[in-house]
Amino acid sequence: MDLSPLTVVVGRNAAGKSNFVDAIRFVRDALTSQLEFALRERGGIDEVRRRAVESKPPNFSIELDIQLPDGDAKYGFTIAPVAGRQFEVAEEKCIVRSSKYGSADFSASRGQVTWYSLTGDSEPLFGQSPASPFAAAEDRLFLLSASSHKAFRQVYENLTGMVFHNLNADAMKRPQKPERGDQLAADGHNIASVIKELAEGSPNRKKRVLEYLNAIGVGVTDFCTRAVAGYETVEFTQLVPGTERTWKFDSSAMSDGTMRSLGILVSLLGARNGKGRGPTLVAVEEPETALHPAASGALFDAISEAAQSTQVIVTCHSPDLLDQRDLPADSIVVAVLDEQGTHLGKLSEAKRALLNSHLQTAGDLLRLDQLTPDPKSISTDDRAWPLFGEDA
């Protein structure tokens with residue numbers, strides 16, 4: 001599936017939209033914690049295999065093409081169940097082509113590095129034989145070890161820099177202990193810490209978030225972090241109706257829709273706050289939840305603005321959000337479920353032309369149940385390692 005700077009995944013309930021996003025998140029989780037924990041969080045390897053197709057294939061594979069600042073890369077792995085050990089990394093490969101660091105390749109299988117090659121003027125060469133300065137493990141991804149080399153580090157940082165949100169308004173309203181504020185947590189519980197760092201590191205971005213918050217319909221003049229007995233919460237400032245005075249109140253008095261909107265805006269627009277590189281990808285599940293339909297235009301504008309600097313993926317059920325005429329037809333991915341499992345595809349050429357000519361919107365097609373993928377765009381290739389070819 002080709003992803004755009006902005007990708008909007010649509011489809012009926014239980015079609016597999018969230019699983020598609022979670023497959024990408026699985027890569028991030030397996031690299032930032034451990035592969036075992038990433039599987040356990042999803043119910044174990046048997047549950048992950050069950051999600052693939054009903055017949056339970058013995059292995060599952062994930063493979064990504066990555067655009068780097070100075071080149072591109074391919075990275076993927078195959079996980080296999082093993083009696084008595086639950087699972088092992090049956091195969092893992094990475095190919096990097098970088099104008100700055102040269103070419104770099106590795107492959108590992110079942111705890112053994114089967115190939116490790118580097119080319120470049122400033123780095124040691126291992127291209128003449130499959131030698132590696134690092135050991136592999138059967139139950140861990142080798143990319144973490146290989147990332148000590150700058151070429152592979154680009155891939156590692158790209159994949160671990162992805163953030164995923166399914167925001168929980170209740171968690172966002174509760175006072176929390178101070179945490180790191182460089183990235184918003186998946187449920188948004190650390191939003192007070194993120195806002196504090198945003199205000200200190202990039203006040204202009206905080207101002208932009210406030211502008212969008214008001215455009216969505218939330219009439220506040222400011223928001224900030226307030227410390228309470230060792231905890232942090234979000235405090236809002238609002239004009240008293242009919243006066244020039246203001247009053248302050250904390251997040252517990254805010255609606256769920258407002259808190260979710262604030263979290264989405266902070267994550268999308270406040271990510272690159274000057275204290276470090278922002279996320280390489282931001283994925284948000286159903287950003288329109290608990291939001292008034294009239295606010296959809298402003299929310300879409302914020303999403304589109306963020307997509308100019310950070311890749312964005314959203315899952316969506318809202319015809320109102322899809323009614324935006326500036327939504328590129330090529331950005332829409334449709335998930336469908338049949339007896340073979342979940343398939344994802346782009347719109348047909350005729351439907352793309354319909355949207356691009358503004359005769360109808362994607363929201364119109366969704367209301368008519370005509371937002372379906374082009375059968376020609378749906379891959380039915382079941383090769384275990386489909387994208388790594390002869391150059392691997």
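The protein chain exposes about 18,900 Å², of which carbon and sulfur atoms supply 48%, with accessible areas taken from the Shrake-Rupley method with a 1.4 Å probe, and for residues only the protein chains shown count as cover. This is a predicted model, in which local features need pLDDT of at least 70 and side-chain atom pairs count only at pLDDT 80 or more, while totals for chains, interfaces and linings use all residues. Residues are numbered from 1 along each chain as its sequence is written, and side-chain values use heavy atoms, with hydrogens and water left out.

**The chain as a whole**
- The secondary structure comes to 13 helices and 14 strands, which are DSSP runs numbered from the N terminus (helices H or I, at least four residues; strands E, at least two).
- Of the 392 residues, 50% count as buried (under 20% relative accessible area, with exposed over 50% and partly exposed in between; 1.4 Å probe, protein chains only).
- Among contacts (heavy atoms within 4.5 Å) between residues at least 6 apart in sequence, 57% join residues at least 24 apart.

**Helix α8**
- The 14 residues of α8 (residues 203–216) should span 20 Å at 1.5 Å a residue, and the end C-alpha atoms are 20 Å apart, which agrees; the expected span is 1.5 Å times one less than the number of residues.
- K206, V209, L210, Y212, L213 and I216 are buried in α8.
- Seen down the axis of α8, these buried residues fall within an arc of 165°, so they line one face of the helix, the arc being that of the directions from the helix axis to the C-beta atoms.
- On the other side of α8, N204 and K207 are exposed.

**Surroundings of α8**
- The buried residues of α8 pack against α7 (191–201), β8 (222–228), α9 (256–269) and α10 (296–306).
- Just after α8, G217 takes a positive phi of about 120°.
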